[in-house]
Amino acid sequence: MLNFLINNQNYIEFIFLIAGALISGILFYVSIISILEKEIRAFRVSFILSLITIIPFLVIYLSDFPFKIGVISVIISLIFITIIILFFPYQPKLKEGFQVPRDKHDERDIMFSRNELKPETEKYDSYYLNNPQKKELDDKFREKPGLLSSDSSMYHPYSYASAHANLEVIEALKPAVNGSVSENKTEVDPFKISSYVKTWCKKLGAHSVGITELKDYHLYSHKGRRELYGKVIENKHKYAIAITIEMNNEMIQTAPKGPVVMESTQQYLNSGTIALQIAYFIRGLGYEARAHIDGNYEVICPLIARDAGLGEIGRMGLLMTPELGPRVRIAAVTTNIPLKMDMFKEYSSSIDFCTICKKCADVCPSRSIPFEKREEINGVLRWQINSESCFTYWCTSGTDCGKCMAVCPYSHPDNFMHNFIRWGIKNSYIFRRFALYMDDLFYGRRPKSRNLPNWIDL
Ligand code: SF4
Ligand code: SF4
């Protein structure tokens, strides 16, 4: 062994120098991507590290000292061992397996429905008669200026007006979720029509699309919004299609400022439009279909998306997709057209990462996200956010906040660098811990909100 090292000393020293240049080059590449993403802290850290890391390699390569070849061999071996340990594909499975909620949720309990209750009305009196424990909590958000209010702390005239405009368009689309079914039924092949629908959705701008069997627990028990308030939901469709759409990272990074609500309403609109197009298309083929869009749902979209294999529900209570984390909006279509279902996928890596990460809980301005482990709620192990305190913050800021979504390590843009890190997070128990440490180092444990883009901040 010693003879081999001595005989090949020049080659080994050269490999050593190349290893140093590679590490430094990778960090330099990270700095370029970071500056393009306007991540100033990540740029500074990676640029400085790219300069520092090459120095010890150069010094050792250029100097002459006893046992030099031994020292170089040990360093090269340590680098290889570290890479093997980091990427070792160890993936503990979740003990609990596939879990489903025991009881249906009532849409009247969600914060948007409670926000629509007006004092001295029958609905208001009846709701708090049945739920007296919620009255005091809800009075707190009623004291605040309210969503998109000009008195709210994040008020910005243009972005708020844009969000209002988006909501008006969604409002105009709501009656179109249902419609008449063509009398001319077209026979379809489940495999081909499923593939067609998915491809078309993606061409229309969807990030991911999945199909699952519609189950009872996907449905709300009662409608909670507007004129249909209190109506028992009966949906006999056999299938549900979940459609996710990306939210723009630059807009989300301003959270909780105005652009975040502008972007979330925009993507509610975009995902809703795709769902409407698919529902119209299916009804045109002679099968029942209903779109489920913002403010007019019969289903709980994140649960459908989870069962259709599009992601897992994370610590902040949102769907975590493998590629964009929570930085998506979801719409759904329920239907009777024969479809090929997708398999539920277990994302145990997301659960493990959320268990150690807690970054969203650290930054939440209303402390609504739990730091503890998951607990059993309605028959399912999950994290439960405090919806009341979260919504009270929304009514103070005037936006839908989104700070948790902005800082989530899964939310980084969809490019080679971040996808490689997400791949490592998915496949390696050790890499997840390393990635979390690096995320804190490069982006900070509590990243600051970005300024408004120039075109908005006129
Ligand atoms: S910030 Fe961390 S803990 Fe929160 S949802 Fe994202 S990965 Fe999970
Ligand atoms: S949206 Fe804001 S207030 Fe609500 S849980 Fe996320 S960080 Fe907290």
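Predicted model: local features only at pLDDT ≥ 70, side-chain atom pairs only at ≥ 80, totals over all residues.
Start with the overall layout.

Now turn to strand 3, residues 289–292. Ala289 and Ala291 point one way. Arg290 and His292 point the other way. In a regular strand, side chains alternate between the two faces of the sheet. In strand 3, all four of these residues are buried, Arg290 and His292 included. The partner is strand 6, residues 328–335. Strand 3 and strand 6 run antiparallel and pair over 4 bridges.

Next comes ligand 2. Which residues surround ligand 2? The shell consists of Cys364, Pro365, Ser366, Ile369, Cys390, Trp394, Cys401, Gly402, Lys403 and Cys404. Helix 15 (387–397) and helix 16 (403–407) are the elements that give two or more residues to this shell. By class, the shell has 7 nonpolar, 2 polar and 1 charged residues.

Cysteines close the tour. Cys364, Cys390, Cys401 and Cys404 are among the residues around ligand 2. A disulfide is a covalent bond between the sulfur atoms of two cysteines. How many disulfides does the model contain? The count comes to 0. Cys354 has 9% relative accessibility, so Cys354 counts as buried. Cys408 has 8%, which is under the 20% cut-off, and therefore Cys408 counts as buried.

Definitions and conventions
Residues numbered from 1 in each chain as written. Chains lettered and ligands numbered in written order. Heavy atoms only, no water. Disulfide = S-S within 2.5 Å. Buried < 20%, exposed > 50% of the residue type's maximum accessible area, 1.4 Å probe, protein only. Near = heavy atom within 4 Å. Nonpolar A, V, L, I, M, F, W, Y, C, P; charged D, E, K, R; others polar. Pairing = 2+ DSSP bridges.
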